[in-house]
Amino acid sequence: MLVREIVQLSRQAFTAIYVIPEITHQAEDFAMWDYTDKVKDYFFNPKNAGVLAGANAVGEVGAISCGDALKLMLQVNPTTEVIEDARFQTFGCGSAIASSSALTEIVIGKTISQALAITNQDIADFLGGLPPEKMHCSVMGYEALQAAVASYRGEEWHDDHDEGALICKCFGVDEGVIERAVRVNKLTTPEQVTFYTKAGGGCLTCFEGIEQVLSKVNAAMVEEGLITAEAAYQIGSIDPRALKSKAKPSELRKPRIDVEQLMATKPTAAPLVSPLAPVKTTPKLTTLQKIKAIEAAIEDLRPFLKADGGDCQLIDVEGDLVQVKLSGACIGCQMASVTISGVREKLIEKLGIPLRVVPV
Amino acid sequence: MRPVYLDNNATTRVDPAVVAAMLPFFTEQFGNASSMHAFGAEVGGAVKAARKQLQGLIGAEHDHEVVFTSGGTESDNAAILSALEAAPERTEIITSAVEHPAILSLAAHLEKTRDIKVHIIPVDARGRLDRDAYRAALSPRVAIASIMWANNETGTLFPVAELAEEAKAVGALFHTDAVQAVGKIPIDLKSTAIDMLSLSGHKLHGPKGIGALYVKRGVRFRSQIKGGQQERGRRGGTENTPGIIGLGKAAELAGLHMTEENTRVKSLRDRLEKGLLQRIPNTFITGDTDHRLPNTCNIACEYIEGEAILLLLNRAGIAASSGSACTSGSLEPSHVLRAMNIPYTAAHGATRFSFSRDNTDEDVDQVIEAMPPIIAKLRELSPFWDGGQGTKDFRPIYA
């Protein structure tokens, strides 16, 4: 009797609320990687793709076996040394194609010597950031640019072997490439070296080699005051087996901006934070400075929110807790939580300190 | 336009009839199957019915040969660990180079931590098992041989019935990871020497988080999850009744659709392959095209990279998957394509389309229309593409 009553009650309740959902699909909303809109745009609509007939500077890096390769073609004015045109051809994933295209946009109009000052970080920044695992795409762009300039000057670009020992045989990465990536990007872990250069991304038998180069370069960087002694890598502090088992697809899909890593490797460009501040401690901002910086960051975001018919207002800041109010189309939108995390990411990126963002 | 879902080897849509069958077990039939009262008895009966439905799909002789688990990975782990525990004097296992990580990472772990000798049997360029190497590895030292029924990436079928006979001859157990095969091809376990078989609910329009391990009657089994006496003491833990009921219903439906899977679904797959091969140069099908699942198409396109293909397909409303490095977060192409020695020129551009009974002719039309311009666009961008000049000289050994 009792059972039957429960059965009937719950059945009624269920027919009322349960509707088998239609499959819904928003083609560009989900992505295998958390690419920025700019990366997607440069991938879907690449600028300067193809062969440049009048190229007088060509840089080719990568190989088909490695999964990505780039041929960068420049047309340099011999009198002014200004890069007047640039084209690329890329074999690779979405971010490799986007990075190559971005590179051509960056270099056009620059002189050869200005171009040489471009780092892989500049390419990543131009695209609004790359997932950590995809940073090697920006490094490939950097290498191709160096190679192209060398070819223009009639020099030989040594992209491997000649620049110290070959470290990673799977991907043909030598000491010089690792050293540059470590210096330019202030890398402090073997995992980051893999993300930026691919070294160690295959069999990982070169782990000790990577460790040695990393710790050597880190030690030099400590001497030069570029990183703190605390941040520098110590040989043996990571078990390579942990690294290997960590290379599981699902676990590699980290958020695009990892606070830890941001703090450790990329002193933020925000003027409020001294680049010399100890890397692992939170830069001290007064609440007023914080509010101003957050408001500026939200201002930057506003056009994107407005484009979707929404808006965002700063309500309060308390310690690391930022309260915002979403309005317009953001209200009741299932993507609101995505928006909030986007706002959080942006704020962290701008301020360089960990923050929590909650809607009120 | 209707989105086209062609990634059914990754997971399938839960059949609405399965959902409907499961729902009461979240609500009115919430009882614990082990309980003595009416609530429990009702549920216990439903679990038994689901066991029989699954028994029917895999052709097991007895319903109690079905042990419900949390899915394919647990079943794989349980089978191998049980075999090693039940025959401690045997310290070797055999498996293939193209198994699912559920087997391969367990094997690597056992090799490292327990000193178990693991024989990894290679495959040829079409993904076929090296039968001689398999026979050579078999010996009275082998506790269990585990070879998948069908490969998830290429759909290649392995001759598991014969392999099981050969294992039996040396007294080794034979297990097969049939996660991709169950529901797609007819299976009749009682007529084989297969001792254990893993299957998973969500690959056959059932729910995620439920699967089963078939354990042939008479096979010594050592439970890996200790607890209560559920599943005849072979898998502790209160039964996931909604999942079990859902899996049972999914098995029943898979049986009803078996002919369709091997006729209509197969012809969709074949039409897609033909259409793509005709329209896209420097492209070939990977895997053993003579012995393959009816639903799987793995097509390799030279000189381009898989993640880029998937991103563009996704924008065209088509969901597929890739053996390329970049999609997985690893830096190398999939272990399956590497084991088959697919050249790097093509392995990075391998794309898998996997069908189910949900797919239609329109889906195939949509892919045949969308794919050629995508490949053309990416090849246009690729420094390795020579504009198709090399087509004539292109002689892939797998075609």
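**Reading cores and sheets in a predicted model**

Colleague: Which residues does I178(A) touch, not counting residues up to four places away in sequence?

Modeller: I178(A) touches I167(A), V173(A), V193(A), T197(A), A199(A), I210(A) and V213(A), with neighbours up to four places away in sequence left out. Two residues are in contact if their C-beta atoms, placed from the backbone, lie within 7 Å. This is a predicted model: local features need pLDDT of at least 70 and side-chain atom pairs count only at pLDDT 80 or more, while totals for chains, interfaces and linings use all residues. Residues are numbered from 1 along each chain as its sequence is written, and chains are lettered from A and ligands numbered from 1 in the order in which they are written.

Colleague: Which residues of helix α7 of chain A are buried?

Modeller: A residue is buried if 20 or more other C-beta atoms lie within 10 Å of its own, exposed if 12 or fewer, and partly exposed in between. Helices (H or I, at least four residues) and strands (E, at least two) are DSSP runs, numbered from the N terminus. In α7(A), residues 175-185, the buried ones are E175(A), V177(A), I178(A), R180(A), A181(A), V182(A) and N185(A). K186(A) follows α7(A) and has a positive phi, near 50°.

Colleague: Which residues touch the most other members of the largest nonpolar core?

Modeller: In soluble globular proteins, nonpolar side chains tend to be buried together. A nonpolar core is a set of buried Ala, Val, Leu, Ile, Met, Phe, Trp, Tyr and Cys residues joined through C-beta atoms within 7 Å. The largest core here has 184 residues, and L72(A), L74(A), I178(A), A145(B) and Y214(B) touch the most other members. Helix α6 of chain A (residues 135-152) gives the most to this core, with 11 residues. A second, separate core of 15 residues includes A293(A), L326(A), I348(A) and I353(A).

Colleague: In which sense do strands β2 and β3 of chain A pair?

Modeller: Two strands pair if DSSP finds at least two bridges between them. β2(A), residues 68-76, and β3(A) pair in the antiparallel sense over 8 bridges, with V76(A) as the bridge partner of I83(A). The two strands form a hairpin with 6 residues between them, and E81(A) in the turn has a positive phi of about 60°. β3(A), residues 83-91, is mostly covered, as 7 of its 9 residues are buried.

Colleague: In what order do the strands of the open sheet in chain B lie?

Modeller: The 7 strands of chain B run in the order β2-β8-β7-β6-β5-β3-β4, with mixed pairing. The edge strands, each pairing on one side only, are β2 (66-69) and β4 (117-121) of chain B.
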